[in-house]
Structure formats: structure tokens, C-alpha cells
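Reader: Hey, I've just opened this one and I'm new to it. Can you walk me through a few spots?

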Amino acid sequence: MKYYILPFGCQMNRSDTERVRTVLNGMGYVESENDNDPDIIIKGIIACSVRQKAIDRVYGRIRNWNAVKSERPTLTFISGCVLPADRDKFLKMFDLMFPIDQLPELPDMIRQYGVPTPGAFETARVETGTVSSDHIGAPEIGKPGREEARERIESFWKVKPSYSSVIEAYVPIQNGCDKFCTFCAVPYTRGREVSRPSAEILDEIRYLVDNGCKSITLLGQNVNSYGLDKKGEELSFPELMRAVGEIGRESGKEFRTYFTSPHPRDMTRNLLEVMAEFEVLADWIHLPLQSGDDKVLLKMNRNHSMDRYRTVVNDIRSILPEAALFTDIIVGFNGESEEQFEHTIKAMREFKYDMAYIARYSPRPGAVSARWDDDVTREEKERRYRKLSDILLEIAAPLNRRRVGTVERVLVTGEDRKEGYLSGYTEGRIPVRLAAAGVRIGDFVDVEIISARPLSIEGRVC
Ligand code: SF4
């Protein structure tokens with residue numbers, strides 16, 4: 001008896017999926033990678049609502065699954081980030097829908113649905129809550145209070161993940177968000193910010209390091225406001241990072257620790273100084289800009305000005321001069337004028353990003369901005385997207401060309417598309433292609449850079 005699970009979107013969803021696997025594996029089901037495998041009796045989706053495209057793909061997939069249901073009976077479920085606008089439709093299309101923090105109750109839901117279970121569920125591996133029938137197909141809607149949210153998500157975090165990779169791991173340290181940016185629905189889909197207990201995070205990191213993990217990414221919607229909801233009962237984010245740095249020193253092992261995504265408002269010099277102190281805390285910062293214009297930032301409710309952002313970047317450049325800087329930008333937000341877009345271009349040139357993830361604005365149902373006119377035309381968004389993408393290449397290409405002739409420490413993570421080559425990345429997450437001879441996936445190797453493309457580099461092992 002098999003199951004098939006499909007995560008969409010961000011690293012947080014992929015990390016959540018690792019816990020879903022544990023629960024289903026614990027019930028005795030075996031994962032299938034092939035959606036058409038006739039032995040599959042459970043199919044699930046971990047949804048992402050950040051882009052409409054991902055939601056459209058969910059609709060496409062469930063229609064296909066339902067079309068063959070009479071020939072092959074399967075239980076279908078959906079969890080993850082689901083917007084209120086999609087909930088009612090999904091309820092009609094999927095057999096089960098539940099908020100991800102109710103994962104410990106999934107075995108009971110499956111049993112109540114009458115699906116055969118191949119083995120005894122390992123209750124020791126998760127803390128199961130009590131389940132009532134109204135949980136089935138009827139998730140709680142709206143924002144639970146912080147304490148209720150904390151209780152639920154803490155049970156979820158206790159589920160041991162079935163990691164997708166032995167080399168790279170994602171460790172959730174926080175769930176939800178208190179920032180309420182007007183374009184974003186996360187505070188409504190994931191709820192209020194809740195920090196995971198520090199001791200639990202550090203135990204997981206020790207386990208990963210002891211078991212040979214080479215790259216650990218701490219995940220949260222606002223990762224650097226970690227601990228603020230606990231009012232001093234848990235470590236602050238810089239203290240947590242220091243504790244990870246100490247684990248690195250004590251273990252003597254080579255690994256890198258990343259975090260994503262921080263918020264410019266909560267980015268402190270103290271955090272950057274801790275990062276500078278420890279080898280295992282990678283010199284890489286993903287600092288969302290979203291817009292280079294103060295009025296747009298205000299309308300986005302980003303809670304910081306361009307001056308504040310500039311101060312943070314200056315701090316990064318002075319405390320971590322080697323750090324790679326990544327960002328997120330939205331073009332064509334409601335009311336964004338040509339002049340305001342020009343300010344974003346200016347910011348892009350000023351901050352010299354190594355990488356920028358540029359999105360054309362699309363209103364997310366449930367987010368505040370969805371009530372406003374989406375008044376920048378599709379063609380104009382496309383033009384701004386292309387212009388900014390060209391500027392990114394213009395900026396990143398010389399940064400990478402400067403690496404030619406230098407030696408970079410590269411973590412080798414997989415096969416490259418080019419035959420006979422492997423791929424990996426530098427400490428600053430710049431993708432690297434290198435000849436496979438004598439190198440194994442999972443190795444850290446010194447690589448002499450021999451050529452550069454705008455967003456990647458190629459090298460040979462020294
Ligand atoms: S900080 Fe803003 S964009 Fe990020 S998750 Fe919170 S509300 Fe969404």
C-alpha cells in the first residue's frame with residue numbers, strides 16, 4: 001500500500017512534507033514517486049498560495065486524480081498554505097483538508113475515513129491529539145490565537161522529519177508571521193508568529209551534524225524575529241545562531257548554516273557580528289527589498305524605510321565583507337508609478353545583489369491588497385520584470401567574473417545537466433559546475449574558478 005505526496009512552493013512546504021512522510025511511513029505506507037502507480041491508495045498535496053500558478057496546478061492535479069478515482073479508489077488530501085478563497089472549492093474536490101499543524105491527527109483521520117492501514121502507527125514518534133469528526137474535511141478557518149497556535153505547531157514540530165537529503169536539511173524554527181505585509185496572505189494561512197523551542201532546534205542540528213549533514217537552513221517567515229513572541233523565555237535569534245556556532249566548534253565538523261528569510265526591520269548588528277565570529281555560519285544573506293520606493297514600502301506595510309534598509313546593507317558590507325546578498329522584489333504592485341519603479345532600479349544598482357528573485361505582482365485573495373485595484377497592466381509588469389532581470393544580469397555578471405582565477409570552497413550537491421559534471425554551490429550559494437572526476441556528492445572541495453556566466457560559475461578541483 002503506497003502513498004504519493006506532492007509539495008508546491010517554498011522550502012517551508014518541502015520541510016513540512018518531510019514530516020507528512022514520517023506520519024504516513026509510520027502507518028506502514030510506502031512512498032511512491034510515480035503518481036500513476038496502481039498501488040497508491042493515498043495522494044496528498046502540500047499547497048502554496050504565494051502565486052496563482054501554483055494554485056492552478058493544484059486544481060489541475062486534483063481534477064486528474066478525481067477523473068480516475070472510480071477505477072482506482074484513493075484517499076486525497078490537501079494541506080499547507082490554502083487561502084480562504086480556495087477552501088470551499090478544495091473541500092469539494094479533496095477527501096480531507098487540514099491545517100498542517102494538525103498533522104499528528106492525520107492517522108486518525110485516515111482511519112476514520114476507512115482506508116486500510118498496513119501497519120501499526122508508531123505513536124511514540126508523534127504526539128497525537130484528540131480528533132473529533134468535525135476535523136475531517138472541515139479545517140478551522142481564520143486566525144487561531146497565539147497560544148492555541150503554539151500548542152498545535154509544537155506537536156507538529158515533534159514529528160521527526162523524514163529528510164529528503166542527507167547532505168542538505170531544512171530546520172523550521174518558527175511558524176506564522178506578525179508583520180501583515182499588505183500583499184501577503186501568510187499571516188492568514190499560517191497564523192501568528194510562533195517560535196519553536198530553542199532546545200529542540202539545537203537537538204535537531206546536533207543530530208544532523210552528527211549524521212554528516214553539510215548544509216542546514218533555518219526556516220521561518222521572519223526568521224530573525226525568532227524568540228520575540230516568547231518574551232525572553234527562549235534564546236533570541238543571535239543567541240540561537242551563537243549556539244549553532246558553538247555546536248560547529250565542538251563538533252569540529254565542516255558544515256554551513258543558512259537562514260531564510262529575515263526581515264530588514266529585525267536585522268541587527270549583533271546578529272551580523274555573531275555570523276562573523278563562527279565559521280559554520282555562512283556568509284550569505286537573503287534580505288527582501290520588495291521595492292526601492294518609500295511610498296510603496298509604506299503601502300506594502302513593510303515596516304521599514306529605504307534608509308533603514310540602506311543601514312542594514314552597510315552593516316552587512318562592513319561586518320561581513322565577503323557575504324553574498326540575495327533579495328526578493330515585486331514589480332507592478334498596486335499604484336506603482338514609473339518613477340517609483342525607477343527607485344527600485346536605483347536600489348538594485350546601489351546594493352549590487354548577487355541574486356534577486358523578481359516577481360510580477362498578483363493579488364492574493366485574502367491579502368489586504370487584493371481589495372485594491374490591480375492597476376498596473378500585465379504588459380507593464382512584464383516590461384518592468386524584464387528590465388529588472390536585465391539589470392540583475394548586468395550587476396551579477398561582473399561579480400562572478402571577478403571570481404575567475406580565485407579558489408572557492410564548494411559543497412557538491414548533485415549531478416549537473418552536463419554529462420560528466422557535478423554541481424554544487426559556494427558559501428554564498430553561487431551555483432558551481434565542476435568536472436566529476438575524483439569528486440563525490442556531499443564533499444566539500446576547493447575549486448579554482450575557470451569561467452563565469454551571469455548567475456553561475458565553473459571550476460576545477462584544485
Ligand atoms: S514578512 Fe510580510 S511577506 Fe513575509 S511572511 Fe510576513 S507578511 Fe508575508
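Reader: Is Phe 180 buried, partly exposed or exposed?

Author: Phe 180 is partly exposed, because 13 other C-beta atoms lie within 10 Å. The cut-offs are 20 or more such atoms within 10 Å for buried, 12 or fewer for exposed, and partly exposed in between, with C-beta atoms placed from the backbone. Keep in mind that this is a predicted model, where local features need pLDDT of at least 70, side-chain atom pairs count only at pLDDT 80 or more, and totals for chains, interfaces and linings use all residues. Numbering starts from 1 along each chain as its sequence is written.

Reader: Ok, and where does Phe 180 sit?

Author: Phe 180 is in the loop between β7 (174-175) and α6 (186-189). Helices here are DSSP runs of H or I with at least four residues, strands are runs of E with at least two, and both are numbered from the N terminus. The phi of Phe 180 is near 55°, a positive value in a residue other than glycine.

Reader: Which residues are around the ligand?

Author: Phe 180 is one of them, and the others are Cys 177, Lys 179, Cys 181, Cys 184, Val 186, Pro 187, Gln 221, Asn 222 and His 263. To be listed, a residue needs its C-beta atom, placed from the backbone, within 6 Å of the molecule.

Reader: Switching topic, what's up with Ser 261?

Author: A cis peptide bond links Thr 260 to Ser 261, with omega about -10°. Ser 261 lies in the loop between β10 (256-260) and α9.

Reader: So how do α8 and α9 cross?

Author: The axes of α8 (residues 237-251) and α9 (residues 269-277) come within 9 Å and cross at roughly 5°. The axes are lines fitted to C-alpha atoms over the stretch in contact, with angles from 0 to 180 degrees between N-to-C directions. The two helices, α8 and α9, are therefore roughly parallel to each other, a label for angles under 35 degrees.

Conventions:
Angles under 35 degrees count as roughly parallel, over 145 as roughly antiparallel, 65 to 115 as roughly perpendicular and the rest as oblique.
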